[in-house]
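Biologist: I am new to this structure. Please show me how to read it, one feature at a time.

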Amino acid sequence: AQMRSRSKYYGAVLGALVGDCIGAQFESGWCPVAFSTLLKLTDTLKEKVSDGSSEKWMLYYTDDTEMAHELGKSMLSKGAFDAKNVAECFGETYFASKPCRWYGGSVPNVFKQLQAVRYKGDPYGPAAKQFNGQGSYGNGSAMRVFPVSLFYFEDVDKVMHFAACSSKITHSHINAINGAILQALAVHTALSSSRDTTWDIVLNKLTKYAEKLEESKSIDSRVYCQKLNEMYRMILAKHIPTQNEIDDKIGTGIRSDEAMCAALFSFLLILAGKSPPELSHLSPICQVILYAISLGGDTDTIATMAGAIAGAYYGEEGIPKNWIQACEGNEEACNLALNLFN
Ligand code: R7I
Ligand code: MG
Ligand code: MG
Ligand code: MG
């Protein structure tokens with residue numbers, strides 16, 4: 001196992017931030033984004049403009065980053081995952097948040113119920129009632145889970161356990177819980193891998209976890225196992241997979257199994273050396289983030305999860321300074337990375 005690396009901690013937090021901020025520029029389109037469009041944006045990124053009293057960032061973060069940072073700061077202040085405190089941090093931050101955070105459609109309902117009893121009730125109660133008692137299967141718990149992997153780095157069982165707990169505050173559908181656990185495990189695996197760890201080793205490891213998580217499910221509802229298997233096939237194929245194949249086999253939507261698997265796939269494809277030629281001049285982490293956005297769909301969320309995994313694997317060095325400086329919240333992200341590392 002790898003020693004804890006400061007660069008990997010910064011990489012995960014900053015990769016997630018940059019993925020959210022750049023991805024958010026394309027979230028509303030819902031369609032694939034040309035590499036040329038993405039490169040046109042990243043070539044012009046620069047520091048915030050300040051006019052004395054107010055500051056204007058080129059790129060603003062969304063709910064993905066806002067909630068991830070709240071989760072990380074809560075664990076740091078309490079010294080552990082504390083469900084009631086996390087619920088309160090999520091809720092109060094939501095009620096104070098700017099419109100540009102673009103929270104999911106139904107999750108505000110959870111925050112309203114949590115706040116109604118001043119966060120003193122069951123922190124998992126309101127989420128369990130969403131969607132007629134099914135719970136949300138949205139990607140909103142996987143998108144923000146990476147701080148759990150950094151905080152509980154030494155104990156993978158705790159990473160899995162608290163990833164699930166953090167999900168259940170807003171997302172209690174089994175596919176959302178498993179998506180959060182697998183995303184946390186993907187970040188944890190990346191953090192503990194050296195640079196000679198190949199894509200198939202990472203994918204094998206995550207497949208074993210997915211088999212365990214889904215062992216009690218009927219064969220045709222083992223959605224993560226199925227999608228991880230499709231990833232092997234698509235990465236081993238001679239060609240770079242087409243958009244149609246990815247839409248068909250993985251998806252890019254708001255469901256946790258779609259966005260989380262699209263993010264992991266983006267990382268693994270670049271790690272396997274199958275870079276699209278248009279991106280091959282960039283560092284691997286930049287390739288992962290832009291490739292993730294190019295898929296379209298829930299671009300901020302796919303890119304933030306892909307950025308967290310890739311940053312945990314490659315470290316912060318490959319993220320260009322101008323990308324970081326263009327993002328609102330970059331100083332807070334550095335503080336969070338340092339505090340989680342310490
Ligand atoms: O998952 P969530 O926090 O939303 C996250 C997304 C990310 O893209 C963010 O960047 C942000 O833009 O939003 O929020 P939820 O409201 O729990 O889920 C999002 C949407 O998924 C819901 O509004 C529903 O449309 C859909 N959804 C479901 N639909 C039917 N049945 C989630 N779960 C269900 C379900 O069980
Ligand atoms: Mg968002
Ligand atoms: Mg959305
Ligand atoms: Mg999104």
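Modeller: Start with rings. Rings of Phe, Tyr and Trp (its six-membered ring) pair if their centres lie within 6.5 Å; planes under 30 degrees apart count as stacked, over 60 as edge-to-face and the rest as tilted. The structure holds 12 aromatic pairs. One of them joins Tyr9 and Phe341, edge-to-face, with 5.3 Å centre to centre and 70° between the planes.

Biologist: Which parts does the pair of Tyr9 and Phe341 tie together?

Modeller: Helices first. Helices (H or I, at least four residues) and strands (E, at least two) are DSSP runs, numbered from the N terminus. Tyr9 sits in helix α1 (residues 6-23) and Phe341 in helix α18 (residues 330-341), so the pair links parts that are 332 residues apart in sequence. There is an aromatic cluster too, formed by Phe81, Phe151, Tyr152 and Phe162.

Biologist: What kind of model is this, and how are residues and chains labelled?

Modeller: It is a predicted model: local features need pLDDT of at least 70, side-chain atom pairs count only at pLDDT 80 or more, and totals for chains, interfaces and linings use all residues. Residues are numbered from 1 along each chain as its sequence is written, chains are lettered from A and ligands numbered from 1 in the order in which they are written, and side-chain values use heavy atoms, with hydrogens and water left out.

Biologist: Is Tyr9 buried or exposed?

Modeller: Buried means under 20% relative accessible area, exposed over 50%, partly exposed in between (1.4 Å probe, protein chains only). Tyr9 has a relative accessible area of 1%, so Tyr9 is buried. Phe341, at 17%, counts as buried as well. Across the protein chain, buried residues make up 59% of the 342 residues.

Biologist: How many helices and strands does the protein chain have?

Modeller: It has 18 helices and two strands. The C-alpha trace spans about 60 × 55 × 40 Å along its principal axes.

Biologist: What does the radius of gyration tell me about the protein chain?

Modeller: The radius is taken over C-alpha atoms; the globule rule is 2.2 Å times the number of residues to the power 0.38. With 342 residues, a compact globule would come near 20 Å; the protein chain has 18 Å, which agrees.

Biologist: Which residues have a positive phi although they are not glycines?

Modeller: Trp102 is one of them, with a phi of about 50°. Trp102 lies in the loop between α4 (83-95) and α5 (107-116). Its relative accessible area is 61%, so Trp102 is exposed. Asn132 also has a positive phi, about 55°. Asn132 is in helix α7 (residues 130-133) and counts as exposed at 83% relative accessibility.

Biologist: Where does Lys212 lie?

Modeller: Lys212 lies in helix α11 (residues 199-213). With a relative accessible area of 57%, Lys212 is exposed. Lys212 and Cys225 are 13 residues apart in sequence and 9.6 Å apart in space, C-alpha to C-alpha.
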